[in-house]
Amino acid sequence: ENDPAVYAALQKADTVGMFQVESRAQMSCLPRLRPARFYDIVVQVAIIRPGPIVGKMVHPYLKRRQGLEPPEYFHPSLEPVLSRTLGVPLFQEQLLRMAMIAAGFTGGEAEDLRRAMGFKRSQQRMEEIETKLRRGMQSKGITAEMQDKIVQSITSFALYGFPESHAASFALIAYASAYLKCHYLAAFTAAMLNNQPMGFYQPATLVKDAQLHGLRCKPIDITRSDWNCTLETISPGFAVRLGMRYVKGVRKEIGIEIMRQRGIRSFSSIDDLKQRIPEIQKSELTALAEVGAFNFISAKQGFHRRDALWQVERAARRPGPLLETQEPTSNDSERSQAIPEASADANATLSKPCVTLDSPLLPMTAEERLVADFRGTGMTVGPHPMTYRRAEMRAHGVRAAIELAKLPDGMHVRIAGAVIVRQRPGTAKGFVFLSMEDETGIANVIITPQLFEKDHTVVIHHPFLLVEGTLQNQDNVVSVKAENIQPLTITRAATTSHDFH
């Protein structure tokens, strides 16, 4: 629980994919809290919750954590209860002990308080308990001003606050996921991709984040991919091979059968695959071809996606067993047939390589491949869409996400990228927060309620945005407070985002 790489990642908020600490709010808090031991992660997990936020506990704790102000306690009698959290109540157990010490609650009354703060969070019961709290604190000689602070800290937990034991359990999983990401990135990434949907980010972002950390991600390949994402040995280390599970429209039973047949004998062609797996539908063959899964099934140099699509049309419209055994003639070129060599034995015919006629189609362009990747799998292991426009962006003064941390606070900047997260928390007083991704990383954007009202259609419905605003770079937390937002045309690819969850 004291691995330096884990705490370095947490302190830099390099936490995409890490359990409980990957949200924008957590990322903005981590560089300020700077976890250095396990209990700091327990606090980190608990502090970004509606209860502590509404109870105005977050900023006091961070200031005390950074040494900007000393710990303060509501009353000297509460110091033993609050010393571990620098005088700021963050856990349900602390609130119960505070009620017992400051207001003289009995064990039964504390249990009533715990239930009121529990699953159903009864506001009516909390109001009844507040009366008891004030009466008890009055008898203990606690001033009205201090009563207000104690009551606010306790009643805010009715919104949502963690028991310390719960936070510790979550923190252990957070630490474990951080350790795996830091030391076993390939296995961590494959496991995350194989267990979607989960977490805060879409698979496309998990892949791009892993690639930025040096992981090689390989495309779906019918000759190598399993149903799930797998590891492949490279020098040095491992790469992640995407699994057929990510090809939209391909059934799991078909993916499993492809794996089984491939284990018996390699596929010699798309025709061979179709003959050996007659249950596969044309739509599934087309889906595999469009994402490049057939690119390595042919021995032909430079075999590409449109070659595969051309042959899928042939394989999906078989003329029948009599003509299947005929050699191609000059008149066959319009059909681009891939015809098995003649054989008296039908079984022998199916096992022989196919004669494949070239397609007249040009390879897909980079943009067409990008569109096909996102349409077919929801991601790309190729360059990020912003890569193709970086020179143009730079010419217009648009900064890459990786540059922002080196720029001074208050600087006017322009940024652009794919919107991967949109948030409007109930505790944020109408502010909207965006996470925008480019080929270098993620930039955070803050939108005021007034600007969101003015440009909400652009913010909500456009996948790529150009944002101008003021850079906020404080305590290693970097964001752009938007002043102007414009839609940006980068690609026709259907990129995805995690919105308002």
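The questions and answers below look at some backbone details of this predicted model.

Reader: Which residue is joined to Pro197 by a cis peptide bond?
Author: Pro197 sits in the loop that runs between helix H12 (185–194) and helix H13 (203–212). Most peptide bonds are trans. The bond at Pro197, however, is cis, with omega at about 0°, and its partner is Gln196.

Reader: Where does Pro236 lie, and what is the omega of the cis peptide bond that joins Ser235 and Pro236?
Author: Pro236 is placed in the loop between strand S2 (230–233) and strand S3 (238–241). The peptide bond joining Ser235 to Pro236 is cis, and its omega is about -5°.

Reader: Is Ala13 buried or exposed?
Author: Ala13 belongs to the loop between helix H1 (4–11) and helix H2 (24–33), and it has a positive phi of about 60° although it is not a glycine. Since buried means under 20% relative accessible area, the value of 15% for Ala13 makes this residue buried.

Reader: What is the phi of Leu86?
Author: Leu86 is found in the loop between helix H6 (79–82) and helix H7 (92–102). Most residues other than glycine have a negative phi. Leu86, which is not a glycine, has instead a positive phi, near 60°.

Reader: How many Å apart in space are Glu403 and Thr440?
Author: Glu403 is located in the loop between strand S6 (398–399) and strand S7 (412–423), where it counts as partly exposed at 29% relative accessibility. In sequence, Glu403 and Thr440 are 37 residues apart, while in space their separation, taken from C-alpha to C-alpha, is 8.8 Å.

Conventions: Residues are numbered from 1 along each chain as its sequence is written. This is a predicted model: local features need pLDDT of at least 70, side-chain atom pairs count only at pLDDT 80 or more; totals for chains, interfaces and linings use all residues. Side-chain values use heavy atoms; hydrogens and water are left out. Helices (H or I, at least four residues) and strands (E, at least two) are DSSP runs, numbered from the N terminus. Buried means under 20% relative accessible area, exposed over 50%, partly exposed in between (1.4 Å probe, protein chains only).
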